[in-house]
Amino acid sequence: MKALALLLALACPAAAQTGDLFVWGQVKYAGAWDPYPGVFGDVTRWVAEVTSIRPAPARREVTLKDPALFASPFVVLAGKAPPPPLDEEESGRLRDYLTSGGFLWLDDSSGLPGGAFDRWTKAALAKAAPDAELKALTPDHVLFKTFFL
């Protein structure tokens with residue numbers, strides 16, 4: 001089944017990366033998946049102003065079962081409340097996405113450390129990537145310096 005899903009993702013030309021434009025993907029799920037409806041335009045305008053990145057004019061809304069997920073190298077999953085638990089297919093596709101080089105930005109917009117979204121994140125990632133360790137990055141990590149190097 002995973003091979004079929006991957007083949008479908010690769011055969012979906014309409015969902016391909018748009019030239020050299022940065023495409024913001026956002027995971028849609030049952031519930032309040034878009035806690036900041038107007039932020040896409042604000043963030044992409046700022047990114048275009050302060051970097052050489054050219055953002056696509058619209059975000060790509062995907063689900064974890066959507067073939068377009070694998071054509072979306074950067075995906076945001078946000079919420080104030082936790083998404084529904086992942087089923088086996090979603091968990092497997094998230095694992096395949098991450099191990100294929102996909103970048104998942106998780107945004108707990110509740111701002112509550114140890115809150116429901118935080119607990120969902122830890123459980124979902126433990127299920128999708130049981131061999132990976134989820135840990136905080138240190139302040140000297142290259143991720144915090146890359147933009148300025």
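How much accessible surface does the protein chain have, and what share of that belongs to carbon and sulfur atoms? The surface comes to about 9300 Å², and 65% of it belongs to carbon and sulfur atoms (areas come from the Shrake-Rupley method with a 1.4 Å probe; for residues, only the protein chains shown count as cover).

A quick note before you click: this is a predicted model, where local features need pLDDT of at least 70 and side-chain atom pairs count only at pLDDT 80 or more, while totals for chains, interfaces and linings use all residues. Residues are numbered from 1 along each chain as its sequence is written, and side-chain values use heavy atoms, leaving out hydrogens and water.

Start with a cartoon view. You'll find four helices and four strands (DSSP runs, H or I of at least four residues for helices and E of at least two for strands, numbered from the N terminus). Along the sequence they go α-β-α-β-β-α-β-α.

Next, select residues 116-128, which form helix 4. Show Phe-117, Trp-120, Thr-121, Ala-124, Leu-125 and Ala-128, the buried residues of this helix (buried is under 20% relative accessible area, exposed over 50%, partly exposed in between, with a 1.4 Å probe and protein chains only). They sit on the same side of helix 4, because they cover an arc of only 120° around the axis (taken from the directions from the helix axis to the C-beta atoms).

Last stop: Leu-137, in the segment after helix 4. Leu-137 is partly exposed, at 42% relative accessible area.

How values were computed:
Expected span 1.5 Å × (residues − 1).
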